[in-house]
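Subject: Structure for you to look at

Hello,

Here is the structure I promised to pass on. Please open it next to this email and follow along.

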Amino acid sequence: MTVLVAVQQTETPDALPSRKARLAYRQGLVASTAGVAPGFVQGNLAILPAEYASAFHRFCQLNPKPCPIIGMSDVGSPHIPSLGADLDIRTDVPRYRVWRDGEVVDEPTDVTKHWRDDLVTFVLGCSFSFEEALLDEGMPIRHIERNVRVPMYRTNIACGEAGPFAGPMVVSMRPFKPSDAIRAVQITSRYPAVHGAPVHLGHPHLIGIKDIAKPDYGDPVPVADDEIPVFWACGVTPQSVINAAKLPFAITHSPGLMLVTDLKNRTMAVI
């Protein structure tokens, strides 16, 4: 009976690690969210004027690997109750990017002053969710070990086009020994809602990456001589697309600093 009471207490909304993380970010903490609130889904943000929402929704449908939608707001609302009862899109991410005409003009920790009543928020699945499954299998994640952001790269892999949205896929990279890379494919294939299996293994130049030591987003991590780089589609893809489309206004998260939701990672697995 005592055990049951303890479980009930830890499952109350105020006690959820995900909510505690959001409150810390709401109060100004700025740090990578990799490894934060284990067990809970994190998401990428794309916040757009309503006039672009339909085309972006279609873009996500055409590109489910980099852009799997796990939540979407009503027009003008900063809340998505299905992802967290108290969640506030305007304040609960460690750092944001504000875009005008396809360029980043501000990187605040709170976007309340930029908020508009015509904005629609899309929350896209994040590879941090399947990292938990990899760690459970005893597979090391280099950027977590080094407490840095995952390295991310623009590629020559073209996304399907929808309205003004077109451009290259962004990928995240984790190095593994070849036998572990095979296992990583097997494990992450179970999580299509958070990018699923890798899109490429080895030979970065084949997907347009000139220097693995110079990521376009995030931080570099070493790849040992007995390892190969493994690349997954990444939810930062909309940021390269927003840049290419020269949208007059948009808000995203800063790469590697995600929205922590109350969804459980285990619910993302298909088998």
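Start where the two domains meet. There, 34 residues of domain 1 are in contact with 31 residues of domain 2. Keep in mind that this is a predicted model.

Domain 1 covers 38-125 + 236-265, and domain 2 covers 126-233. Their C-alpha centres lie 21 Å apart.

Next, the size of the interface. The size of an interface is often given as the accessible area lost when the parts come together. Here, domain 1 and domain 2 bury about 2,400 Å² between them. Of that area, 67% is on carbon and sulfur atoms. On the domain 1 side, Lys65, Ser240 and Asn265 lose the most area to domain 2. Together they make up 23% of what that side buries.

Now the contacts across the interface. The rule finds zero salt bridges between domain 1 and domain 2. Polar contacts do turn up: the count is 11 residue pairs, with both residues at pLDDT 80 or more.

Which elements of domain 1 give two or more residues to the side that touches domain 2? They are β1 (40-49), α3 (50-62), β5 (119-125) and α7 (237-245). Helix α3 gives the most, with six residues.

Last, the make-up of that side of domain 1. Its residues divide into 20 nonpolar, 11 polar and three charged.

Best wishes

Methods. Residues numbered from 1 in each chain as written. Predicted model: local features only at pLDDT ≥ 70, side-chain atom pairs only at ≥ 80, totals over all residues. Heavy atoms only, no water. Domains from an automatic or database assignment. Contact = heavy atoms within 4.5 Å. Buried area = accessible area lost by both parts, 1.4 Å probe. Salt bridge = Lys/Arg side-chain N within 4 Å of Asp/Glu carboxyl O. Polar contact = N/O pair within 3.5 Å; in protein donor to acceptor, adjacent residues only side chain to side chain. Helix = DSSP H or I, 4+ residues; strand = E, 2+ residues; numbered from the N terminus. Nonpolar A, V, L, I, M, F, W, Y, C, P; charged D, E, K, R; others polar.
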